[in-house]
Amino acid sequence: MIGMDPMRPEGDDRRTPPDRRRAGVIGWPISHSLSPRIHGFWLSRHGLDGSYEILGIEPERFHLVFPTLPGQGFAGVNVTIPFKEWVLDYATRVTPAVRKTGAANTLVFADDGTIEADNTDVAGFLMNVKSSAPDWSARAGPAVVIGAGGAARAIVWALLGEGAPAVTVVNRTRSRAEDLCRHFGERVRSADWQGLDGALDGTATIVNTTSLGMTGQPPLEVAFTPDRRRALVVDIVYNPLKTAFLAAAESNGNPTVSGLGMLLHQAVPGFSAWFGVRPEVDDGLWEAVVEGLQ
Ligand code: NAP
């Protein structure tokens, strides 16, 4: 829990020297975050004097604590549940990705007191897919997005931006998929959970954005058949690295992309803005983060 700088004795109101930059991740509960591993790796790789901290904020204290962060030397923060929408009340500028998804996961606190909000899941998803499957084109055919939560919004927006001719959103709770369709317009339609199998025929891209398949959750079961072999299959779940859904697609001969790369790529814009160095997503980072998966 934060409020005051936990590193400092009470009554000591000195600010962090400007050359030592702080960043972190705000959320509640938050102990499971892999972000400190990612940013910690890059800080050490680039020999930077900075920190990336886990900042658990109890929701009832959010409006008290959040405005104090820039004054405590924070250059910005990542944002996770439940604050991804809450922080928009404080944003001076929002990127088109935030405007379209209604949520932010990365904030930059500028020296002039302004706050920029971005949703880097959009770019993180695309960077991961393009670096893992360079021949993929969203334009090649319709896409199916399984799930209609926060991550689905970012991915539907990313696919539309890349020119997917149509996107079908299949979600357990149909009304949530319908809300998403209304938000994105006529190229996006919804289908029943029971209609998932039929929706997959003729698709170029299939993305799981549900939490099914995560360690401790039931698997996402989909019938991959030879006539569906051309579709790129993406799972944004990253723990385990290879879900049963991805393994089934791979056995069918589909090209596949796993979710960890999205998590790594979405972290790049924040680190660049806070610490002034554009970091690489490479094997060293990958190994450091995989060590942190339980
Ligand atoms: P969310 O907003 O809570 O949405 C969860 C989605 O999963 C909803 O569509 C929900 O359906 C569906 N779902 C949950 N349990 C289900 C079940 N038993 N059967 C069928 N559907 C089920 O969460 P989110 O933020 O979108 O995140 C979703 C997943 O993506 C998580 O596993 C998260 O870790 C992962 N993620 C990965 C990255 C990355 O960088 N790789 C980034 C963001 C998220 P209902 O609407 O019916 O509840």
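1. The buried residues of α10 are V268, G270, F271, S272, W274 and F275, where buried means under 20% relative accessible area with a 1.4 Å probe and protein chains only. The model is predicted, so local features need pLDDT of at least 70 and side-chain atom pairs count only at pLDDT 80 or more, while totals for chains, interfaces and linings use all residues. Residues are numbered from 1 along each chain as its sequence is written, and side-chain values use heavy atoms, with hydrogens and water left out.

2. Because six of the eight residues of α10 (residues 268-275) are buried, this helix is largely enclosed by the rest of the structure; helices (H or I, at least four residues) and strands (E, at least two) are DSSP runs numbered from the N terminus. Its buried residues pack against β1 (21-27), α1, β2, β3, β5 and α9 (260-266), contact meaning heavy atoms within 4.5 Å. Just after α10, G276 takes a positive phi of about 75°.

3. Six strands form an open sheet with mixed pairing, in the order β2-β1-β3-β5-β6-β4, two strands being paired if DSSP finds at least two bridges between them. β2 (50-56) and β4 (93-94) stand at the edges with a single partner strand each, so one side of each is left without a neighbour in the sheet.

4. Of the 32 residues in the largest nonpolar core, F125, V156, L159, V167 and V188 touch the most other members; such a core is a set of buried Ala, Val, Leu, Ile, Met, Phe, Trp, Tyr and Cys residues joined through side-chain atoms within 4.5 Å. Its largest share, seven residues, comes from α5.

Note on methods: Buried < 20%, exposed > 50% of the residue type's maximum accessible area, 1.4 Å probe, protein only.
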